[in-house]
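Trainee: I would like to learn how to read a structure of this kind, feature by feature. Could you show me the general idea each time and then the case in hand?

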Amino acid sequence: MALHALHGLVDQLATQPIIFIGGKGGVGKTTTAAALASYYASQQKKTLIVSTDPAHSLGDVLNVRLNNEKTAVTPYFDAIELNPDVIVDAHFAQIESTIKSYANPDMMPKIREHLRLSKSAPGAQEAAMLESMCQHLITAADANYQHIIFDTAPTGHTLRLLVLPEMMGAWTDGLLAQQRRQAKLRSVANHLDSHNQKSNQKDIDKKIDKKDVPNPFAAKKPDRWEQAVAVLEKRKALFRQAGILLHDRTKTAIVLVMTADVLPLAETKRAIEQLEESKLNPSAIVINQLIAPAQSDEFWRLRAERQQQLLQDIDNSFSNYPLYPIYLQQTDVRGTEALGALLRPLS
Ligand SMILES: Nc1ncnc2c1ncn2[C@@H]1O[C@H](COP(=O)(O)OP(=O)(O)OP(=O)(O)O)[C@@H](O)[C@H]1O
Ligand SMILES: [Mg+2]
C-alpha cells in the first residue's frame with residue numbers, strides 16, 4: 001500500500017503558488033484547504049484561501065466571519081468567500097455602464113430590464129464567478145502570496161470552472177471575429193460616406209471660402225463598438241492568462257479529496273479522466289476520514305476493514321498519483337490551530 005506520510009503533502013505543494021482542492025460533496029475539501037492554509041501561514045508563508053462554494057462553510061471551519069472581500073484570519077493568512085450574488089451584481093453593473101456609454105438613452109430602460117433578467121439566466125452566475133476567480137488567480141500571484149488555495153464546490157462544478165477559461169476564450173474569439181467583420185463593413189460604408197461628404201464640403205468651401213475654419217466633417221465619429229470590443233479583448237486576455245497559469249504544473253497543483261468509499265472512488269475516477277482530457281493532471285489525492293485499523297469495537301473494526309479493502313482498489317486505480325491519508329478525528333476540526341496541527345509532522 002503506497003500511502004505517503006501526510007506531512008509529505010505540505011512538502012510536495014511547498015513550491016506551488018496555486019492549489020485547487022476538489023472532490024465530491026462532504027469528503028473534506030474545506031477541511032483540507034483550510035488545514036493547508038493554516039499550516040503554511042503558521043510557517044509565515046503568506047497564504048490566501050478563496051472559497052468558491054456558495055455554501056460558505058469556510059468561515060465556519062475557520063471560526064471567522066468572511067465575505068466577498070479579503071479578511072485577515074492571522075497576519076499571514078487571508079480568506080475570501082466569493083458571494084455569487086455580489087459578483088453577479090458587480091458584473092452586470094459593469095456591462096450596463098459599458099452599454100450606457102454608447103447606447104441611445106431612450107433605449108436604457110429596455111436594456112436595464114433585459115440585463116435584470118439576464119442575471120438569473122443559466123450560467124450567468126457561473127460566468128461571473130469564473131471571471132472573479134480568474135481575477136483573484138492573477139492578482140494574488142502578483143500580490144506576494146506564496147500560496148493561493150481554492151476551496152471549491154463539489155467536483156462537477158470545479159471541473160467546469162477549470163475548463164471554462166478555454167471555453168470562454170473560444171466564445172470570446174467568436175464574438176471578436178464577428179465584431180471585426182462588422183468593423184470592416186462599417187469602414188467601407190464610412191469610406192463611401194466620407195467621399196460624399198468631401199464632395200459636399202468642396203461645394204461649401206467654394207461658397208464660403210474660409211480655409212482656416214476647422215472642417216466639421218473631418219472629426220472621426222467615435223466607434224460605438226470600440227468599447228465593447230475593448231471589454232471583450234480584456235476578458236479574453238484574462239481567461240488566456242488564467243488558462244496558462246492553470247496548465248502550468250510548476251504554478252498550479254490540483255489536489256482531489258475523497259473518502260475510502262465506493263461512490264467517492266467512482267467519482268474521483270471520472271474526475272481524473274476529465275481532468276486528464278483537459279491536460280490538467282491532479283498532483284495528489286487525499287484519502288480523508290480513515291479509521292485506524294486496530295479497533296476493539298465490532299462496528300468500527302468492520303468499517304476499518306472495509307476501508308482497507310477499498311484502499312487496495314484506490315491504490316490500483318490511482319497508481320500514478322501520490323496518496324495521502326487523513327484520519328478521522330474525534331470531532332470536527334475547526335480553527336487555525338487545530339487545522340494546522342493536522343498536517344504537522346509526527347514526532
Ligand atoms: N478527518 C476528519 N475528521 C473529523 N471530521 C472531519 C474530517 N474531515 C472532515 N470532517 C468533517 O466533515 C464535514 C465535512 O467536511 P468539509 O466541510 O471539509 O467537506 P467538503 O468536502 O468541503 O464539503 P462540501 O462539499 O459541502 O463543501 C465537516 O463537518 C468536517 O468538520
Ligand atoms: Mg466545502
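Trainee: Are α4 and α5 roughly parallel or roughly antiparallel to each other?

Mentor: Before the answer, please note that this is a predicted model, in which local features need pLDDT of at least 70 and side-chain atom pairs count only at pLDDT 80 or more, while totals for chains, interfaces and linings use all residues. Residues are numbered from 1 along each chain as its sequence is written, and chains are lettered from A and ligands numbered from 1 in the order in which they are written.

Mentor: Helices (H or I, at least four residues) and strands (E, at least two) are DSSP runs, numbered from the N terminus. An axis is a line fitted to C-alpha atoms, for helices over the stretch in contact, and the angle runs from 0 to 180 degrees between N-to-C directions. Angles under 35 degrees count as roughly parallel, those over 145 as roughly antiparallel, 65 to 115 as roughly perpendicular, and the rest as oblique. Here the axes of α4 and helix α5 (residues 108–118) cross at roughly 155° and come within 11 Å, and α4 and α5 are therefore roughly antiparallel to each other.

Trainee: Which residues of α4 and α5 make the contact?

Mentor: Two residues are in contact if their C-beta atoms, placed from the backbone, lie within 7 Å. On the α4 side these are Phe92, Ile95, Glu96, Ile99 and Lys100, and α5 brings Met108, Ile111, Arg112 and Leu115. To sort them by class, count Ala, Val, Leu, Ile, Met, Phe, Trp, Tyr, Cys and Pro as nonpolar, Asp, Glu, Lys and Arg as charged, and the others, Gly among them, as polar. The contact of α4 with α5 then has 6 nonpolar, no polar and 3 charged residues.

Trainee: At what angle do α4 and α6 pack?

Mentor: Helix α4 (residues 84–100) and helix α6 (residues 124–142) pack at about 85°, their axes being 9 Å apart, and α4 and α6 are therefore roughly perpendicular to each other. In this contact Pro84, Ile87, Val88 and His91 of α4 meet Ala124, Gln125, Ala128, Met129, Glu131 and Ser132 of α6, a set that divides into 6 nonpolar, 3 polar and 1 charged.

Trainee: Where is lysine 119 found, and which residues does lysine 119 touch?

Mentor: Lysine 119 is in the loop between α5 and α6. Leaving out residues up to four places away in sequence, lysine 119 touches Val88, Phe92 and Ala124. The C-alpha atoms of lysine 119 and valine 88 are 6.8 Å apart in space, although the two residues are 31 apart in sequence.

Trainee: Why does tyrosine 324 count as buried?

Mentor: The general idea is to count neighbours: a residue is buried if 20 or more other C-beta atoms lie within 10 Å of its own, exposed if 12 or fewer, and partly exposed in between, with C-beta atoms placed from the backbone. Tyrosine 324 is buried because 23 other C-beta atoms lie within 10 Å, whereas lysine 119, with 14 such neighbours, counts as partly exposed.

Mentor: Tyrosine 324 lies in strand β8 (residues 323–327). Apart from its neighbours within four places in sequence, tyrosine 324 is in contact with His4, Leu6, Gly8, Leu9, Ala284 and Val286.

Trainee: What percentage of the residues of the protein chain count as buried?

Mentor: For the chain of 347 residues, the share that counts as buried is 31%. The protein chain has 11 helices and 8 strands. Among its contacts between residues at least 6 apart in sequence, 77% join residues at least 24 apart.

Trainee: What can phi tell me about glutamine 44?

Mentor: Most residues other than glycine have a negative phi. Glutamine 44, however, has a positive phi, near 60°. Glutamine 44 sits in the loop between α2 (29–42) and β2 (47–51) and is exposed, with 11 other C-beta atoms within 10 Å. Lysine 279 also has a positive value, near 55°; its place is in the loop between α9 (262–277) and β7 (284–290), and lysine 279 counts as exposed, with 9 C-beta neighbours inside 10 Å.

Trainee: Which residues come nearest to ligand 1?

Mentor: A residue is near a molecule if its C-beta atom, placed from the backbone, lies within 6 Å of it. Of the 19 residues around ligand 1, the nearest are Lys29, Thr30, Thr31, Gln329 and Asp332. The most is given to this shell by α2, with 3 residues, and by class the shell has 6 nonpolar, 10 polar and 3 charged residues.
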